[in-house]
Amino acid sequence: MILAGQGIVNNGTMIADGTPGNFGAGGGAGGIIILASKISVQNSGSISSQGAYGGDTDTASDHDQAGGGGGGGGIVHMLAPAIVPGSVTLTGGAGGAAGAISASTRSAGSGGGACGGNGGAGGD
């Protein structure tokens, strides 16, 4: 969170993306970014708070796991009397890939992290 008495200007890149899942684990959700000013918020760069992809189906061991769910997109709040939102990306991550599961011990893929948006279904 950035709280300023003067104007806030972003000319670069702010990133709060989730972490990808491995072997049936769900992807992490995007984070939360808050830019608050008494004067103005100007995003001339880019802000990214995307959910990560879920891990693919794991069939390499004796315990198969289905693909994990994708993480939900994040949240960005800009609070000021004057706002130039610029480029903001908040998409959810894709679900992990489906695959043939045949081991005697099996489990469903894990759900993705939740935040502001929806992630992809596991096994997509």
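Ser49 counts as buried, because its relative accessibility is 0%, where buried means under 20% relative accessible area, exposed means over 50% and partly exposed lies in between, judged with a 1.4 Å probe and protein chains only. The model is a predicted one, in which local features need pLDDT of at least 70 and side-chain atom pairs count only at pLDDT 80 or more, while totals for chains, interfaces and linings use all residues. Residues are numbered from 1 along each chain as its sequence is written, and side-chain values use heavy atoms, with hydrogens and water left out.

Ser49 sits in the loop between β6 and β7 (63-65); strands here are DSSP runs of E with at least two residues, helices are runs of H or I with at least four, and both are numbered from the N terminus. The side chain of Ser49 comes to 2.6 Å from the backbone oxygen of Gly31. This is a polar contact, a pair of N or O atoms within 3.5 Å; within protein, one atom must be able to donate a hydrogen and the other to accept it, and residues adjacent in sequence count only if both atoms are side-chain atoms. Beyond its neighbours within four places in sequence, Ser49 is in contact (heavy atoms within 4.5 Å) with several residues, including Ala16, Gly30, Gly73, Thr89 and Val76.

Leaving aside neighbours within four places in sequence, Val76 is in contact with Ile33, Ile47, Ser49, Val88 and Leu90. Between the C-alpha atoms of Val76 and Ile34 there are 5.9 Å, although 42 residues part them along the chain.

In strand pairing, Met14 stands opposite Ile47 in β6, and three bridges join β3 to the parallel strand β6 (residues 46-48); two strands pair if DSSP finds at least two bridges between them. The open sheet holds three strands in the order β3-β6-β10, paired in parallel. At its edges lie β3 (13-15) and β10 (87-89), each pairing on one side only.

What does the secondary structure of the protein come to? There are zero helices and eleven strands. Of the 124 residues, 34% count as buried. Among contacts between residues at least 6 apart in sequence, 80% join residues at least 24 apart.
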